[in-house]
Amino acid sequence: MHTFKLNGQPVSVDVEDDMPLLWVLRDELGHTGTKFGCGIAACGACTVHIDGVATRSCVMPVSAVAGKAVQTIESKDDAILARLQAAWVAYQVPQCGYCQSGMLMAATALLRANPAPTDADIDAAMTNICRCGTYQRVRAAIHAAAQSKSVSAAPSVPSTAEKQA
Amino acid sequence: MKTTLSRRQFLITGAALSGGLLVGCGKPSAADRLGDHSLLPVEGGEVALNGWVKIAPDGKVTVAVPRSEMGQGVLTALPMLLVEELDARWEDVQVEQAPVARIYANATMMLNVVPFTTDDDSVLARMARASVQRLGYALSLQITGGSASVRDAWEPMRLAGATARAMLVEAAARRWSVAPDQCQVEAGQVINMKTGAKLGFGELAKEAAELTPPQDVPFKAPSQYKLIGKPMARRDIPAKVNGSAVFGIDVKLDGMVYAAIAQPPVFGAKVASVDDKAALQRKGVLKVLRIPQGVVVVANNWWRAKQALAEVKIVYEPSPNDQLSSADIAKKYKDELAASKGFSYGDKGDADLAFKQAGKVVEASYWAPFLAHAAMEPINCVAQVKDGHVTVWCSTQSPSLAKWKAGQVAGVDSDKVTLHVPFLGGGFGRRLEVDMVEQAVAIAKQLDGRPVKLLWTREEDMQHDVYRPAALSEFRAALDAQGRVTAWSNRVAAQSVSYDSVRRLMPSIASNTPDKNQIEGAFDIPYEFDNVTVRQIRPETHVPVGSWRSVGHSYNAFFTESFVDELAYAAGQDPYAFRRGLLQKHPRHLAVLELVATKAGWGTPLPPGRARGIALHESFGSWCAEVAEVSIEQGQLKVHRVVCAIDCGVVVNPDTVEAQMQSAIVYGLSAALFGEITIAHGRVEQTSFPSYDAVRLAQMPVIETHIVPSTAAPGGVGEPGTPPIAPAVTNAIYALTKQRIRSLPIRL
């Protein structure tokens, strides 16, 4: 039995020690917001936070998170994530959307550690793959979320010129 | 390029025409595709006014969308078309997936198989276009592809909105005993212009539905548009930022089990024996199955299925492909190119004579590799076969084929198949295929009614794709003493995607005949040379090939735009000026070229160590030009900036056009920088993202998109941004270093 906190709530699962957290979340606990992309920590689609640290859950055995706090895209009480989500809507970031849970979790960890990242900081922290190529808007939305401390509702779509500025 | 018709082209066109004639004449009209209320399921007092729109008593409007959402914004752009003409309030609009039915066929996508240039308005070209569209309609090809969703929906969905609006107005006019022209419509209400009385759509829908739909309802003038042309927030985005969006991989059903599959690593190999003893001992494993495509483990959790699969000992029969390598395939291409003159859709002028009289001949040979799609969501499909009924949940670009294939595998009629299409975690052409449906239904058949989720590993996804074919292109050009190009000769060897796609679906009718998709973007170059000959050679290999974002354009644009660049230098001219001078009869090409040059500051100084490259390409009914700005530092290529100009006709959602240009450019740039699938011992060598990498944020150039204002019919936007990026970058490399990149991916 492995017990950990998932988005603030204690959960217990009776699975093999080496089952990756990703599959515990998806197939055992029904939290499908965290995505499977490669299974070898290369793409970042499965990024969650473990005790606040962005972690690729596809290679993290569930036994290693015993007693720890796991946060996923489904969490509701993270102000930084909420700001980023609002910016993601405002900047119309997602296309197919599949990689965006991982992108948002990586960006949340970035802003928690570095509230005003430069482009170089973003490049270094955000190594997730997006095959739709949403990177330019990801970058813009991270900067916008960093600058705005109170993005609550989704603003209207910024114009092309604003986004390029 | 207008050409005289060759005998062979005549025969092919004749075949296309007779195919079309078998099923009727002429393009299916928007009125043919209005459909009736019986197509759409209703609940809660809703009524359907045609096959596209339902109205509920509270005024909620539901639009049926027959295309799959894979990030290209169809759940927003398509309803915009209908709601524009209906004049409902956008806030009252919801969308639902349309069922599979003929009116939803993507007839327009079929235009991509017609071997005539866009500006060819001859009777024959027009007849061929009409016939293939009629054929696509007759076959009910409900497909999301060919950058054709908006193009295809443009008339039917606006007509559905306009006709529904007219019916609502008529119903109101009858209530008020006034003439319909005494009514106006605003924000989901009909207003009596005399009395100011108002009736909401919800109050009128039931009476409107009893009226005969009027014919020939006029469309709005573009100046009256309230939605079309405005940047609208995409409907699918909110669910995609909080984990609630359901992709195929996320489908959850009571009692569902999970399946992992091992397909033969060598394409075409057969399983000889399976030892599943160890696998069956593992926790959670329910079954080990053999299906025609491979060996499957079914378990109560996907990871358990995958782990157990690794313990199944599978022996494959020796295959004639076991020793094939990329070098063998490249040699086969070269040999076939050397041995065959190739097929032409029609030459222009007399290239042979021009070469004899040439002052100078320039020659070059180009190569593009196999490419995988590598969509972020690995291939998957959920299926249940129970009580003679099949239910499939699949993120597919091909609902009609998915439904047909599911019925075929289960041995039931298509009307016993229910298909659900969740969000697609990327498509790019990969999800046009229905291999995952075939497999999932074959597995579900053996599970006594339990639903099963088949999921491939990333490795399986990368090694069992249908690949963008490798391509070899050979050019010769003749220049006269003044540096004027007098002849252009191009021969392209590449596997036929059309042949391979049909072969997978209906092997009995497939044949390796001339394929426009193989040579698109090469046979129809816009440059006004007097003598042109372009030919295709279609080798066969054991590697399956399929549609990859922009299909033949993806390699032919790299080839032709690189070689045009070579000719500019051979003629001693600026690459932009050289192209301009050859496009005087091609105004839409010229306009995007001039726009991109202006916006990119073509010819203005750059910081030391940087250079620009330019490329231009027409595809999928749109014209796109790009300028890339690059540098090379310590041997590392960096693309700093890409300026893109697009003429896609009338723009429906400009924010989506901008997003799609970024997307298409990044997709093409990833391929140009990293993309290469190689074959060793008959199998794909690459396994996952490290060996088949993609552009990430650190490599991302700044992309600036400029849209040419237009009132012409809409063109595609999903694909046209991809073809020009590779040559824009390699042309910039040449400008910087005088190194001509003639093979992809780029290696300095």
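Predicted model: local features only at pLDDT ≥ 70, side-chain atom pairs only at ≥ 80, totals over all residues.
Let me start with the contact between the chains. Chain A puts in 49 residues and chain B puts in 53 residues. On the chain A side, several helices take part. α1 (21–28), α2 (79–90), α3 (100–113), α4 (119–125), α5 (135–147) and α6 (160–164) of chain A each supply at least two residues. Which helix gives the most to that side? It is α5(A), with four residues. By class, the side of chain A that touches chain B has 24 nonpolar, 18 polar and seven charged residues.

Now chain A by itself. Domain 1 of chain A brings 14 residues to the contact, and domain 2 of chain A brings eleven. Look at the strands on the domain 1 side. β3 (47–50) and β4 (53–56) of chain A each supply at least two residues there. β3(A) gives the most, with three residues. That side of domain 1 of chain A holds six nonpolar, seven polar and one charged residues.

On to chain B. Here the assignment gives three entries. Domain 1 of chain B is 31–106 + 142–239. Domain 2 of chain B is 248–319 + 379–455. Domain 3 of chain B is 326–371 + 467–737. How far apart are the C-alpha centres of domain 1 and domain 2 of chain B? They lie 38 Å apart. Ten residues of domain 1 of chain B are in contact with 14 residues of domain 2 of chain B. On the domain 1 side, three of the residues are nonpolar, five are polar and two are charged.

Next, one helix. α3 of chain B covers residues 123–138, so find that stretch on the screen. This helix has 16 residues. From first C-alpha to last, α3(B) reaches 22 Å, close to the 22 Å expected at 1.5 Å a residue. Which of its residues are buried? Among them are B:A128, B:A130 and the run B:S131, B:V132, B:Q133, B:R134, B:L135, B:G136 and B:Y137. After α3(B) comes B:S140, and its phi is positive, near 50 degrees.

You will find B:V63 in strand β3 (residues 61–65) of chain B. Is B:V63 buried or exposed? B:V63 is buried, because 24 other C-beta atoms lie within 10 Å, and 20 or more count as buried. Leaving out residues up to four places away in sequence, B:V63 touches B:W52, B:V53, B:P79, B:L82, B:V83, B:V93 and B:V95. For a sense of scale, take B:G635. B:V63 and B:G635 are 572 residues apart in sequence. In space they are 53 Å apart, C-alpha to C-alpha.

Last stop, a strand in the open. β9 of chain B has five residues, 271–275. The number buried is zero, so β9(B) lies largely in the open. What does β9(B) pair with? Four bridges join β9(B) to strand β12 (residues 313–316) of chain B, and the two run antiparallel. Across that pairing, B:V274 stands opposite B:I314 in β12(B). One general point on strands. In a regular strand the side chains alternate between the two faces of the sheet.

So, to recap two spots in chain B: B:V63 is buried, whereas β9(B) lies largely in the open.

Terms used. Residues numbered from 1 in each chain as written. Chains lettered and ligands numbered in written order. Buried ≥ 20, exposed ≤ 12 C-beta atoms within 10 Å, placed from the backbone. Contact = placed C-beta atoms within 7 Å. Expected span 1.5 Å × (residues − 1). Domains from an automatic or database assignment. Nonpolar A, V, L, I, M, F, W, Y, C, P; charged D, E, K, R; others polar. Pairing = 2+ DSSP bridges.
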